[in-house]
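Me: I would like to learn how to read a fold from its coordinates, going from the whole chain down to single residues. Could you take me through this one step by step?

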Amino acid sequence: MPNDSVIAKSWGELTTTELYSIMKLRTDVFFVEQKVDEEELDNRDQEDATGHYWIADEHGVAAYIRVLYNETAEYLDGHRVIGRVVVREDRRGEGLAQIIMKRIIDDFSNEAMLLHAQDYIVPLYAKFGFESFGDLYEEATIMHQSMYRAAR
């Protein structure tokens, strides 16, 4: 499989090996590297409407993004929420998150979307049409900015 092939599955479609690799990556980056102490396993992964998007290589999941659906829009008409954006340390700088984001934008272009970006990565999401709203805020000791992208 080419390194830039995006895989998209729902919870019920994930194999145990894929799930383990996704959770290992999220744990390695969010808990170990970033020292985030918030609840990682929030039961949202298992929801029928949640999409799991990733790029894998011979070492497992190299980059991952989760897409949620909230019944009640958090902001304007944004029901889809992009989150858990993570790239394995040895694959950073290759544009893997951008490849996955393009696929997600293609899949949901007719829906408004939200995300809560770590402040330093806001310019990446702006390239995909996301606009900042509200004030910067701290979450898990990291500054974040809420962003919105209107349906196309």
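Reply: Let us begin with the contacts, bearing in mind that this is a predicted model. Among contacts in the protein with a separation of 6 or more, 60% are made by residues 24 or more positions apart.

Me: What radius of gyration would a compact globule with 152 residues have, and what does the protein have?

Reply: A compact globule with 152 residues would have a radius of gyration near 15 Å, and because the protein has 15 Å, the two agree. Along the principal axes, the C-alpha atoms fill a box of roughly 40 × 30 × 30 Å. Of the 152 residues, 44% count as buried, while the protein exposes about 8200 Å², of which carbon and sulfur atoms supply 50%.

Me: Which pattern does the protein follow when it is read along the sequence?

Reply: The secondary structure comes to three helices and seven strands, and along the sequence these follow the pattern β-α-β-β-β-α-β-α-β-β.

Me: How should I read the pairing of the strands, and in what order do the seven strands of the sheet stand?

Reply: The general idea is that strands of a sheet pair through backbone hydrogen bonds, either parallel or antiparallel. Here the seven strands form an open sheet with the order 1-2-3-4-5-7-6, and the pairing is mixed. Strand 1 and strand 6 (131-139) stand at the edges with a single partner strand each, so one side of each is left without a neighbour in the sheet. On average, and with direction ignored, neighbouring strands of this sheet are turned by 25° against each other.

Me: Where does strand 2 find its partners, and which residues stand opposite each other?

Reply: Strand 2 pairs with strand 1 (residues 6-9) in the antiparallel sense over four bridges, and in this pairing V6 stands opposite I55. Strand 2 is also joined to strand 3 by seven bridges, again with the strands running antiparallel, and these two form a hairpin with two residues between them.

Me: Are the two faces of strand 2 covered or open?

Reply: In a regular strand the side chains alternate between the two faces of the sheet. In strand 2 (residues 51-57) both faces are covered, with G51, Y53, I55 and D57 buried on one side and H52, W54 and A56 buried on the other. Counted along the strand, seven of its seven residues are buried.

Me: Which strands does helix 2 lie across?

Reply: Helix 2 (residues 96-107) lies across strand 1, strand 2, strand 3, strand 4, strand 5 (113-118) and strand 7 (142-149), and it runs at about 35° to strand 3.

Technical notes: Residues numbered from 1 in each chain as written. Predicted model: local features only at pLDDT ≥ 70, side-chain atom pairs only at ≥ 80, totals over all residues. Heavy atoms only, no water. Buried < 20%, exposed > 50% of the residue type's maximum accessible area, 1.4 Å probe, protein only. Pairing = 2+ DSSP bridges. Axes fitted to C-alpha atoms, helices over the stretch in contact; angles between N-to-C directions. Contact = heavy atoms within 4.5 Å. Rg over C-alpha atoms; globule rule 2.2 N^0.38 Å. Areas by Shrake-Rupley, 256 points an atom, 1.4 Å probe, with all protein chains shown as cover.
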